[in-house]
Amino acid sequence: MDTRSFIDVIVFVAGGLLFPIISFGIARLLAPHNPTPEKLTTYECGVPVIGDSRVRFPVHYYVFALLFVVFDVETAFLYPWAVVFKQLGLFALVEALIFIAILVVGLVYAWKKKVLRWV
Amino acid sequence: MDYMLILPEIILTITGIVLILLDLGLAEDRKGAVPAVAGIGFLAALAGLGPSVGQNTQVLWQMYSIDSVSLFFRTLFLAVGFMAVLVSWEYARRTKMAIGEFYHLLVFTTLGMMLMASTHNLIVIYLGLELSSISSYVMAGMLQDEPRSGEAALKYFLIGSVASAIALFGMSLVYGLTGTTDIVDAVGRLQLAPPALVVTAGLFLLAGFGLKVGMVPFHMWIPDTYQGAPTPVTAFFSVGPKAAAMAAILRIFVLSFLGLPALGAGWRLMIAVLAAISMTFGNVTALLQTNVKRMLAYSSIAHVGYMLVGIAALPPRDLSAVLTYLAAYAIMNLGIFAVVILVEDQGQAPEIDAFRGLAYRAPWAAVAMAVFFLSLVGVPPTIGFFAKLQLFLAAVDAHMVWLGVILGINSAISVGYYYSVVKVSFLRDAEGVPPVRAAWTISAAVVLLAVGTLVAGIYSDTILRWTASGVTLLMR
Amino acid sequence: MFGIPEPWWSVIRAVVWALFIIIFLAVNAIVAVWLERKVSGRIQRRIGPQRVGRPIGWAQTIADVFKLLVKEDVRAEATDKWVFLLAPAIPFAAITLMFLVVPWGKNLIPLNLNIGLLFVVAVTSFEVLGLFMAGWGSNNKWALLGAMRTAAAMISYELPMVLAILAVGMTAGSLNMNDVVNAQSRVPFILIQPVAFLIYYIASLAEANRTPFDFTEAESELVAGANIEYSGLRWAFFFLAEYGSLVGTSAIAATLFLGGWRGPILPGPVWFLIKTYLLVYVAMWIRWTLPRVRIDQLLDFGWKFLLPLALADIAVTGIVLALL
């Protein structure tokens, strides 16, 4: 990557973050501000808040996250292959197909072991 | 062609995938076929080593070395994997472990270890390290109903991932300093790099792989993990991943860090001191244990210390002392664990007391156990003696007589705890202990390994020559 | 150029583009919200907004913006201050960054990155981070539940989407957005890769949190989901980002599958906008036609149907390309 790419990315990130933040600043100047204790309670359909909201979550969410990491890394490996795919020819194709086949075995494994079932 | 030379790896990969599919496809009561397939896979992979014999080349874009050192390690790992199948067969059935998972994890761990030992590219070493580590974390926790097994897995996982991270950081430093991940290429450029950074990189690598082999001061996870994990897994851990990490240390340190003139002497001394502390700590602590698995865990720390003697003594002598010791240790340690599993298969916890009267319950097993212990201590004519002798001679050649003396003293200390087990099995009667009913697999493993310990001792010359041939090459 | 030394010229160029994209996204939100109201009205046999800015209610959303600007910005006591305050900015920044590599016309592209497709895939994932920050920072049960569901949905649909984009990259033989558009000079990829297009479009609905996959909001079950504790302009920014995300994924779909800015007679940017808003319209049509699916149905569909289908698509694409 040349310097220009970096400049562009940095400018876009800065712009994307600054626009909301500046807008919030403007809103702060325009909007009224009079907090009352009632207003500052957490919303829970109008009834008093019960317990903490940061409770333990079902493990399924994390299992999906774990599976995602595996597959996402694997797909990231396919990207470089896709670019030079035409130059490498049949050999690379067969290798990639083996790679995908192993991925599929992983998916089938998770599926059969009922990891993908949302109870 | 390249693919013939990596045939064992290909066979193992296919075996692993077949095992996964078998695990999914077979009904619960037909899972007995799974270990058989794994065993056949290991044997086929051993046969697949054929084309690699006598080769000395680099395949797969210079990333994979096929030389006699890698041949040595690949043979060792495949044999260890096969033995692990034998010793776990009955155990897995009895404890209702998840058989499908266990055997494909075993296959993939072995594959990872082979990757680690047959390359001098840091990336591939790391790849193998992760493949073998991640599979083995799960293997340690295979007994789902045992809290201890879970504890073992968690400790192994936490320590192991820290170790991987540290090793990776060291590798990235080497890459940053040299611009290459190939150790052979890196050596020359490391000499030009700032010494402080080279030392840092070396320390990170040593710490990372030191955690994996479990040398002092990175040994703290060993006792809990070895005690909690299922015994066949412990048997496998104590020789397989340990040897793989040792192979990585050999490749990285022997090739680069110990070769650097500015650092060589200091590193040797440091490793020598660590070796002395490892063996003394391991042996003395083992004296206090009543659980045989835990005792053997401490003993394994001591044995890592012995192996480090060979590395500390390296420059004047060759690698063959370390390699011979690794092979000897694999045979005798697997053997002693096989006996422990045999006793456990009778439904007893692996306390020393469980060995009561073993000589009357199963004389052949008791004799085999005695052979393994003699070998672990280093008594002739077992293989342990010849291997330890090589280490001693290496230390003397390197003008580290003090290290040799410590080695000898430690061997004497180790008699203390090994004897405590032998004593109860020969001198106490078997009253109130059930008679031994051994499955053929475990008996075969015990007998094979006992014969190996004796015969290999007698033919130790051949082993020496074989290991020595690869060494010149690794040393260049 | 123009006597300005090189690094500064690049900076000025980047700033101009960034301002353009930000203004475009702001205007887009105003237009798209109005469009959504009109479309939903028509689909439900209503008229939709019409009083403010007669006769079609064109000024309704503009009035809403001013209303939101002067609304009180309440932050409940239990919230995690900085996480809560900054969360609305993250999705917007992610969308802005996504447009960095989208071509508007011949040589009209903020940055002609040679890994454009990968870049798109990488930055779209940031959006979920902002939503999750909002859910976590709010310290509210509904918000956290909404955020968790969104995260689960987004990561599940990320995979088929990434694979569908990969299929396009393989067909074009490049990850550069310009090359992808140029490769479609004769036939748009929707005809060559119809399966990939469908996978991408469905997954992009989930990525943009649109019905039938709108778990962030889910008014009827989670009250409002991740943005429940927000009010005023901060709340508005979630919607700005949501509609930005809708137009962003539509723009990517238009570029990858419909030939981007290519088209007869009309200039490039016009074609680009026509194609993009056509897809935006389809998304709205879907929203007001289909009910919301359950979270388990959503994940099942993603993992057990779309992902295998996408993998098969990659394999078939590879084989066909190798045989050609």
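This briefing covers chain contacts, nonpolar cores, helix packing and some local backbone features of the structure above.

The model is predicted: local features need pLDDT of at least 70, side-chain atom pairs count only at pLDDT 80 or more, and totals for chains, interfaces and linings use all residues. Residues are numbered from 1 along each chain as its sequence is written, with chains lettered from A and ligands numbered from 1 in the order in which they are written. Two pairs of chains touch, and the pair A and C has the most contacts. Chains B and C share no contact.

**Chain contacts**

- Chain C puts 65 residues in contact with 56 residues of chain A. Contact means that two C-beta atoms, placed from the backbone, lie within 7 Å.
- On the side of chain C that touches chain A, the elements giving two or more residues are α1 (6-43), α4 (89-98), α7 (141-172), α12 (232-257) and α14 (295-323). Helices here are DSSP runs of H or I with at least four residues, strands are runs of E with at least two, and both are numbered from the N terminus.
- α14(C) provides the largest share of that side, 14 residues.
- By class, that side of chain C has 44 nonpolar, ten polar and eleven charged residues. Nonpolar covers Ala, Val, Leu, Ile, Met, Phe, Trp, Tyr, Cys and Pro; charged covers Asp, Glu, Lys and Arg; the others, Gly among them, are polar.
- The contact between chains B and A takes four residues from chain B and five residues from chain A. On the chain B side, four are nonpolar, with no polar and no charged residues.
- The closest C-alpha atoms of chain B and chain C lie 17 Å apart.

**Nonpolar cores**

- The largest nonpolar core has 174 residues. Such a core is a set of buried Ala, Val, Leu, Ile, Met, Phe, Trp, Tyr and Cys residues joined through C-beta atoms within 7 Å. Buried means 20 or more other C-beta atoms within 10 Å of the residue's own, exposed means 12 or fewer, and partly exposed lies in between, with C-beta atoms placed from the backbone.
- B:Val87, B:Val309, B:Ala312, B:Leu326, B:Ala338 and B:Val339 touch the most other members of the largest core.
- Helix α14 (residues 320-344) of chain B gives the most to this core, 20 residues.
- B:Val339 contacts B:Ala365, B:Ala368, B:Met369, B:Phe372 and B:Val446, leaving aside neighbours within four places in sequence.
- A second, separate core holds 127 residues, including A:Val9, C:Ala172, C:Leu256 and C:Trp271.
- Helix α5 (residues 116-124) of chain C is mostly covered, with eight of its nine residues buried. Among them are C:Leu117, C:Leu118 and C:Phe119.

**Helix packing**

- Helix α2 (residues 59-88) of chain A packs against α7(C) at about 15°, with axes 10 Å apart. Axes are lines fitted to C-alpha atoms, for helices over the stretch in contact, and angles run from 0 to 180 degrees between N-to-C directions.
- α2(A) and α7(C) are therefore roughly parallel. Angles under 35 degrees count as roughly parallel, over 145 as roughly antiparallel, 65 to 115 as roughly perpendicular and the rest as oblique.
- The contact of α2(A) with α7(C) has 18 nonpolar, three polar and two charged residues.
- In chain B, α17 (residues 383-397) and α18 (residues 401-427) pack at about 155°, with axes 7 Å apart. This pair is therefore roughly antiparallel.
- Residues in the contact include B:Leu391 and B:Phe392 of α17(B), and B:Leu403 and B:Leu407 of α18(B). The contact divides into seven nonpolar, two polar and one charged.

**Local backbone features**

- The peptide bond from B:Val216 to B:Pro217 is cis, with omega near 5°. B:Pro217 sits in the loop between α9 (195-213) and α10 (222-228) of chain B.
- Another cis peptide bond joins B:Pro380 and B:Pro381, with omega about 5°. B:Pro381 lies in the loop between α16 (363-377) and α17 of chain B.
- B:Leu60 is not a glycine, yet has a positive phi of about 50°. B:Leu60 is partly exposed, with 16 other C-beta atoms within 10 Å.
- C:Asn107 has a positive phi near 60°. C:Asn107 is in the loop between α4 and α5 of chain C, and is exposed, with 9 other C-beta atoms within 10 Å.
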